[in-house]
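Hi everyone, thanks for coming. Please have the sequence and the model open while I talk, and stop me whenever you like.

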Amino acid sequence: MSNDRFLRALAHEPVDATPVWLMRQAGRYLPEYRALREKAGSFLNLCQNPELACEVTLQPLRRFDLDAAILFSDILTIPEAMGLGLHFVAGEGPKFEHPVRTPEAIAKLSVPDMEETLGYVPAAVRLIRRELDGKTPLIGFAGSPWTLATYVVEGGPSKNYEHLKALMFNDPAALHQLLDVLARSVTAYLNAQIAAGAQAVQIFDTWGGVLSPANYRTFSLDYMQRIIAGLKPGPDGHVPTIVFTKGGGPWLERIADAGPSAIGLDWTIDIDDAAARVGDRVALQGNADPAILFAEPSRIRTEVADILTRFGDRPGHVFNLGHGVTPQVNPDHVAALVDAVHEFSAR
């Protein structure tokens, strides 16, 4: 592979410069994405068409000197394949026609067939790998069971998770049944991506941080640990895993104990503090505040330099934002960040 910085950093191996990729690096801030989205007719059409998903995945790599591609898809493909009626409402985000809130509804759920209902995802992975032609590694991903459950039970985004947390406190056995089927689905889904050629995978635990410490361990981390344990080697051998829990700073040691190759950090913790806490057990990914991309390029460069200085010359750092690129960002500011990472970290 002509650029293996990302995979080398995850393995704590020396790199010539710190690798960088960005969560949501493909998306609405790019005019070429918006044009393709309009042509496709809907967001789901983009996700479910392997050729279009491949094109969207490659768009940011044509603009920026990124060290990894990430599959263009959505974390809600699994519950969509379960027949829960996923659709997107302008200004409101994803919605499910059939939210799952009772033990009876949970009992009806089963692991989707990865080829019959989700085959477009490994098909996209195979196509992207072919188009990348060994130049850049490809990341696959899935949502964590807890994060998927927030949407499945609430029926869409939520501020206080009243239905899900009521289920958690009133009927934890039912919630465990839901998380179990979601964990088995995520494991099969990531294994399908790995078999198709994904060279690393990330578990997005976007809403793990809304839980108390004890409930995080019980209802989120334990299921991610099961998934990590259930992943198989790919065509190229071992596939590293990244766990990203937004708001997970208090639990870094426990996340490291769960067995990932790397922990994704949000911006609410200093990366040098995180490194001191986990040592060399895992690589670290992060962790600029995504809002830095609204600042002037000179200020972006200062922020990049600070994070790189804090991490120091120890191995095992992948530069990223602490969450995804937002739609209103100027692409030139993304270029400034990516270029600064390589410039300041060059060995």
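Let me begin with a question: what covers the buried residues of α13? The cover includes α12 (252-257), β7 (262-264), β8 (283-285), α14 and β9 (317-318). A word on the terms: helices (H or I, at least four residues) and strands (E, at least two) are DSSP runs, numbered from the N terminus. Buried means under 20% relative accessible area, exposed means over 50%, and partly exposed is in between, with a 1.4 Å probe and protein chains only.

Before going on, the ground rules. This is a predicted model, in which local features need pLDDT of at least 70 and side-chain atom pairs count only at pLDDT 80 or more, while totals for chains, interfaces and linings use all residues. Residues are numbered from 1 along each chain as its sequence is written, and side-chain values use heavy atoms, with hydrogens and water left out.

Back to α13, which spans residues 271-278 and has I271, A274, A275 and V278 as its buried residues. Looking down the axis of α13, these buried residues fall within an arc of 100°, so they line one face of the helix. That arc is taken from the directions that run from the helix axis to the C-beta atoms. Just after α13 comes G279, with a positive phi of about 60°.

Now for the sheet. It is open, has seven strands in the order β1-β4-β5-β6-β7-β8-β9, and its pairing is parallel. Its edge strands are β1 (69-70) and β9, each pairing on one side only. Helix α13 packs on this sheet, where it touches β7, β8 and β9, and its direction makes about 155° with that of β8. For that angle, axes are lines fitted to C-alpha atoms, for helices over the stretch in contact, and angles run from 0 to 180 degrees between N-to-C directions. Contact here means heavy atoms within 4.5 Å.

As a reminder, strands of a sheet pair through backbone hydrogen bonds, either parallel or antiparallel. Two strands count as paired if DSSP finds at least two bridges between them. In our model, β4 and β5 run parallel and are joined by five bridges. If you want to find one of them, F141 has Q202 in β5 as its bridge partner.

Is Q199 buried or exposed? Q199 counts as buried, because its relative accessibility is 9%. It sits in the loop between α10 (172-196) and β5 (200-205). Setting aside neighbours within four places in sequence, Q199 has contacts that include M1, L7, R129, T136 and D236.

On to charges. How many salt bridges does a search of the whole structure find? The search finds 17, a salt bridge being a side-chain nitrogen of Lys or Arg within 4 Å of a carboxyl oxygen of Asp or Glu. Take R310 and D306: their closest N and O atoms are 3.1 Å apart. Both lie in helix α14 (residues 297-311), four residues apart, about one turn of the helix. R310 is partly exposed at 32%, and D306 is partly exposed at 35%. These two belong to a salt-bridge network that also links D270 and D272.

Another bridge joins the side chains of R8 and E13, at 3.3 Å from N to O. R8 is partly exposed at 27%, and so is E13 at 34%. The side chains of E131 and R130 also meet in a salt bridge, at 3.6 Å. Here E131 is partly exposed at 41%, whereas R130 is exposed at 59%.

Last, some backbone details to look up. Which residues other than glycine have a positive phi? R24 is one of them, at about 60°, and D133 is another, with phi near 55°. R24 is in the loop between α1 (5-10) and α2 (31-40) and is partly exposed at 44%. D133 is in the loop between α7 (120-132) and β4 (138-143), and is exposed at 57%. Finally, the peptide bond from G286 to N287 is cis, with omega near -5°, and N287 is in the loop between β8 and α14.

That's my tour, so over to you!
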